[in-house]
Amino acid sequence: MIDLYYFPTPNGRKITIALEELEIPYAIHLVDILDRQQFNTDFLRISCNNKIPAIVDNRTEGRGLSVFESGAILMYLAETAGKLLPSSGPARVEVLEWLMWQMAGLGPMGGQANHFNYYARDKIPYAIDRYTQELNRLYGVMDRRLNGRKFLCEQYSIADIACFGWVQQAAVGGVDLARFPHVSKWYSGMKARPAVQRALAKDEQFDRPTPLTDAQHRNLFGSSGSD
Ligand SMILES: N[C@@H](CCC(=O)N[C@@H](CS)C(=O)NCC(=O)O)C(=O)O
């Protein structure tokens, strides 16, 4: 059994999707990041970066092992299952390339684009333009990559899983998916996967208030955790 420390966000969903795809039993523990629970001492022992997702693997082979950072968790789960990440050679390099592209590009730029377009209370044109443009550039890269391909790499992999939740939020970051037909087709294929549907259904049990209250906004964006 895996303990998953979770909040329903694009980074969190990477892990529910992977666990469902790999058919690994897991228990979800909600870490309410709108209520500063990511700064609780018990959680910081598992994820010292005060962010979800994180896991503790209680299975025999990994007993009590904790892992934070969604990309590292995806690699760990795929490696222990022997699926969704080729074990060696060019096929493995390719998956890692696209996983890192998501972790260092699509995710962080999508996060900033979402922040300045949607969450920021002050609308700062320079920041909105900067991140919306960069995010659209990344969608262009992904669209060209998916031209004539079903998945980002030769086979369905943790790279596709890593990107899904972020593409789900394209509009929040100022991206019109209709401009990226190959990404749109890939996204429809992803949504149709039974494991993805099972993972998304897990979120129905959690309230995601929109818009955020002032207190929730402060909790998430207004503190370094040191106060
Ligand atoms: N690079 C990290 C990013 C994780 C992340 O940004 N988590 C957000 C939710 S998606 C979070 O926990 N935020 C709480 C906070 O910043 O205090 C990963 O991929 O795991």
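Predicted model: local features only at pLDDT ≥ 70, side-chain atom pairs only at ≥ 80, totals over all residues.
Residues are numbered from 1 along each chain as its sequence is written, and side-chain values use heavy atoms, with hydrogens and water left out.

Student: Does Asp 57 count as buried or exposed, and what is its relative accessibility?
Tutor: Asp 57 belongs to strand β3, residues 54–57, where strands (E, at least two residues) and helices (H or I, at least four) are DSSP runs numbered from the N terminus. Buried means under 20% relative accessible area, exposed over 50% and partly exposed in between, with a 1.4 Å probe and protein chains only. Asp 57 therefore counts as buried, its relative accessibility being 0%.

Student: With which side chain does the side chain of Asp 57 make a polar contact?
Tutor: A polar contact is a pair of N or O atoms within 3.5 Å; within protein, one must be able to donate a hydrogen and the other to accept it, and residues adjacent in sequence count only if both atoms are side-chain atoms. For Asp 57 the distance is 2.6 Å, and the partner is the side chain of Tyr 76.

Student: What is omega, about, for the peptide bond that joins Ile 52 and Pro 53?
Tutor: Pro 53 is found in the loop between α2 (41–46) and β3. Most peptide bonds are trans. The bond joining Ile 52 and Pro 53, however, is cis, with omega about 0°.

Student: What value is phi of Arg 36 near?
Tutor: Arg 36 sits in the loop between β2 (26–30) and α2, and counts as partly exposed because its relative accessibility is 24%. Most residues other than glycine have a negative phi. Arg 36 has a positive phi, near 65°.

Student: Where is Leu 84, a residue with phi near 70°, found?
Tutor: Leu 84 is a residue other than glycine with a positive phi, and it counts as buried because its relative accessibility is 16%. Leu 84 is found in the loop between α3 (70–81) and α4 (89–119).
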